[in-house]
Each structure stands twice: as structure tokens, then as C-alpha cells.
Amino acid sequence: MIDCKQEPGAFSPVIDRNRCEGKGACVRVCPVGVFAVDTLPKSAREGLSVKGRIKGVVHRWQQALLINAERCEACGLCVSACPEKAITLARS
């Protein structure tokens with residue numbers, strides 16, 4: 001059984017858009033279905049660094065998206081699994 005730390009919604013994952021490469025490790029490890037990998041909307045691309053924009057183009061703008069952030073139980077599996085260290089948890 002997964003040792004979740006909090007009630008759902010107490011914490012929310014935060015994705016660093018300049019780091020995420022959409023590899024999907026977060027999707028595979030999340031026990032409550034918080035993430036999906038899909039095309040990053042154009043509105044979310046604003047403000048990216050040059051490096052972030054280059055990564056976006058190279059990876060065809062595929063990134064982790066929060067589809068059920070309110071389900072997060074702060075188990076931290078996504079934080080540990082992300083090879084780019086693009087995910088942190090923040091109190092909601």
C-alpha cells in the first residue's frame with residue numbers, strides 16, 4: 001500500500017514547465033491519476049525560458065499536465081520519479 005501523507009487536495013503538484021520533457025514517469029507512478037501527458041496549451045508556453053522553449057519544440061510540446069490535481073495525496077512518488085526534477089509539491 002502507498003503511504004500517502006495528506007488528505008486529497010491539501011497539496012498540489014507544481015510542474016516546472018522549463019524542465020518537463022513529457023516522459024510520463026509521473027503518470028505511471030501516481031496512484032490517484034493526477035497527471036496525463038498531452039500537448040502543452042499555447043497559453044501555458046508564455047514566459048518560458050529559451051531553454052524551456054527549445055525543450056518544448058524538441059519534445060513536440062508534450063508535457064505532464066495536471067488533470068486531477070485535487071486528488072493529490074502528497075505521496076511524493078511523482079517528485080521522486082521525474083527524471084528532470086520538474087515536479088514539487090506545494091500546499092494548496
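## Basis of the values

The model is predicted, and local features need pLDDT of at least 70, side-chain atom pairs count only at pLDDT 80 or more, and totals for chains, interfaces and linings use all residues. Residues are numbered from 1 along each chain as its sequence is written, and side-chain values use heavy atoms, with hydrogens and water left out.

## Cysteines without disulfides

A disulfide is a covalent bond between the sulfur atoms of two cysteines. In this report the term stands for a pair of cysteine sulfur atoms within 2.5 Å. How many disulfides does the structure hold? The count is zero.

Burial is judged by relative accessible area: buried means under 20%, exposed over 50%, and partly exposed in between (1.4 Å probe, protein chains only). Cys 20 is buried at 7%, and Cys 82 is buried at 8%.

## The nonpolar core

In soluble globular proteins, nonpolar side chains tend to be buried together. A nonpolar core is here a set of buried Ala, Val, Leu, Ile, Met, Phe, Trp, Tyr and Cys residues joined through side-chain atoms within 4.5 Å. The largest such core has twelve residues, among them Cys 20, Cys 82, Cys 26, Val 34 and Ile 15.

Cys 26 belongs to this core. Which residues does Cys 26 contact, leaving aside its neighbours within four places in sequence? With contact meaning heavy atoms within 4.5 Å, they are Phe 35, Ala 64, Cys 78 and Ile 87.

## Salt bridges

Side chains of opposite charge can pair when their charged atoms come close. A salt bridge is counted when a side-chain nitrogen of Lys or Arg lies within 4 Å of a carboxyl oxygen of Asp or Glu. The whole structure has four. One of them pairs Arg 19 with Asp 16, with 3.6 Å between the closest N and O atoms. Arg 19 is partly exposed at 39% relative accessibility, and Asp 16 is partly exposed at 31%.

Glu 21 pairs with Lys 23 at 3.2 Å between the closest N and O atoms. Glu 21 is buried at 15%, whereas Lys 23 is partly exposed at 47%. Glu 21 also meets Lys 55 in a salt bridge of 3.1 Å, N to O. This pair links distant parts of the chain, 34 residues apart: Lys 55 is in helix α3, and Glu 21 is in the loop between β1 (11-15) and α1 (25-29). Both Lys 55 and Glu 21 are buried. Through shared partners, salt bridges join Glu 21, Lys 23, Lys 55 and Glu 84 into one network. Helices (H or I, at least four residues) and strands (E, at least two) are DSSP runs, numbered from the N terminus.

## Positive phi angles

Most residues other than glycine have a negative phi. Arg 60 is not a glycine, yet its phi is positive, about 55°. Arg 60 sits in the loop between α3 (50-58) and β3 (62-66), and is exposed at 69% relative accessible area.

Ala 74 also has a positive phi, near 60°. Its place is the loop between β3 and α4 (77-81). Is Ala 74 buried or exposed? At 9% relative accessibility, Ala 74 counts as buried.
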